[in-house]
Amino acid sequence: MYGFIQALFGRKKSTKKTVTKDNNEKTEEISPSLPSERKNYSSSKKYNQKGKQHFSAGANKGKSRMNKPLKDRSLEKDEESIDINRFIVDVSGISWDDIAGMDSVKEELQEVVALLKPSKETQEAIEHYNIETFKGMLMYGPPGCGKTMVAKALAAECNATFYLINGPEIKTKWIGESARVVREVYRDAQNNKPAIIFIDEIDSVCMSRETSSISETTRDIVNSLLTTLDGLQEMDGVFTIGATNRPELLDSAILRSGRLGKGVRIDLPAEEARRGILEAKYSKIPLADDIQIDELVESTAGYSGADIAGMVSDSARYAWRRNNHQAGGQVSREDIEKALRKGSSVSQECVAGYKRWEQYAFQ
Ligand SMILES: Nc1ncnc2c1ncn2[C@@H]1O[C@H](COP(=O)(O)OP(=O)(O)OP(=O)(O)O)[C@@H](O)[C@H]1O
Ligand SMILES: [Mg+2]
């Protein structure tokens, strides 16, 4: 099956070396990245000295759980080795309004809000229709299109504690302990409900077990994650979101209902979303009067949200340089044309690959 999924994306396998706890090297088969480059996550950039992540945008938007006392420090005995607080992220600086476009995604996620924070009426309706509640979902799509942003806004909307587990980080930083870290995060989440556990780059901790040269360590992590997710049925108020740019690498068992049975594709931003991102970004940057946002909306077709954000800041930097680093200038057409030369980081082939994959995965 793995081979079949690979064929859907038309990519070849390659290998990578990992170092196990006892310092032995293992070689794992992996696919080349769906996007042209795989992002390099650096935890040190994101954590402050207390080990918590912070957002700079909009100080008082949304509601924060950061100050909420953890009700049960049941992990005290392990605190020296695992500080669960480092997985909790402040989402108070983000809300649905910061996410341009994506109306259908937001609408779909309203069901999650209803499940995590059910009003009396919602609860009655769920019981009336005997709705089978779901405890997790998979967000997939090209890089830089808002998966992380959407998950954070969702947590803010539900006033939920947001735990961020970075797949590659827990695999490399907690060698031999990754499974325990995941379990501990879930245990903590149970004491801080409602909670959303966001597993970023979930493909790295839930790689297909059919991959022939998968290491025993990775296999253990996958098994443990699946078992942990099975336990979710008993955990009301804890919701898991897995995110990936590489869904074809996932072990298909993760997609069973009861685990991450619901899939949400986060696509390249459509016209309205691009307009929203451009307007928001250029609202803080002086733009020459002869430039219309509408023409930029057209020029950025096929760009990811991150590409657009990068293009805008590049154009501002070019203007700054052109004006000899002095204040008072404006971003000109010439600056924008230069910034647009980089183009989109996401190919059409890559976008089509997600659609082919989902037809197969959620059939
Ligand atoms: N719909 C959107 N509205 C506003 N900004 C957006 C939107 N989509 C993307 N962006 C911008 O792109 C940046 C990257 O978004 P985000 O990190 O959520 O993407 P991602 O899908 O999680 O990427 P990756 O797969 O690389 O983790 C955001 O910080 C934001 O500046
Ligand atoms: Mg992300």
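**View 1. Strand β6 is covered on both of its faces.** In this predicted model, Ala195, Ile197 and Ile199 lie on one side of β6, while Ile196, Phe198 and Asp200 lie on the other, and all of them are buried. The strand spans residues 195-200, and six of its six residues are buried.

**View 2. Strand β6 pairs with β5 and with β7.** Start with β5, residues 161-166, which runs parallel to β6 and is joined to it by six bridges. Here you can find Phe162, whose bridge partner in β6 is Ile196. Now turn to β7, residues 238-244, which also pairs with β6 in the parallel sense, over six bridges. On this side, Ala195 stands opposite Val238 of β7. To get from β6 to β7, the chain passes through helix α8, residues 216-230, in a right-handed β-α-β crossover.

**View 3. The largest nonpolar core holds 81 residues.** Phe162, Tyr163, Ile165, Val185, Ile196, Ile197 and Phe198 touch the most other members. Take Val185 as a guide: beyond its neighbours within four places in sequence, Val185 contacts Ile84, Phe87, Tyr163, Ile165 and Ile197. In soluble globular proteins, nonpolar side chains tend to be buried together.

**View 4. Ligand 1 has 20 residues around it.** Gly146, Lys147, Thr148, Met149 and Gly305 come nearest. Helices α5 (147-157), α9 (271-282) and α11 (305-322) each supply at least two residues of this shell. Sorted by class, the shell has twelve nonpolar, six polar and two charged residues.

Definitions and conventions:
Residues are numbered from 1 along each chain as its sequence is written. Chains are lettered from A and ligands numbered from 1 in the order in which they are written. This is a predicted model: local features need pLDDT of at least 70, side-chain atom pairs count only at pLDDT 80 or more; totals for chains, interfaces and linings use all residues. A residue is near a molecule or strand if its C-beta atom, placed from the backbone, lies within 6 Å of it. Helices (H or I, at least four residues) and strands (E, at least two) are DSSP runs, numbered from the N terminus. Ala, Val, Leu, Ile, Met, Phe, Trp, Tyr, Cys and Pro count as nonpolar, Asp, Glu, Lys and Arg as charged, and the others, Gly among them, as polar. A nonpolar core is a set of buried Ala, Val, Leu, Ile, Met, Phe, Trp, Tyr and Cys residues joined through C-beta atoms within 7 Å. A residue is buried if 20 or more other C-beta atoms lie within 10 Å of its own, exposed if 12 or fewer, and partly exposed in between; C-beta atoms are placed from the backbone. Two residues are in contact if their C-beta atoms, placed from the backbone, lie within 7 Å. Two strands pair if DSSP finds at least two bridges between them. A crossover is right-handed if, with the strands pointing away from the viewer, the path from the first strand over the helix to the second runs clockwise.
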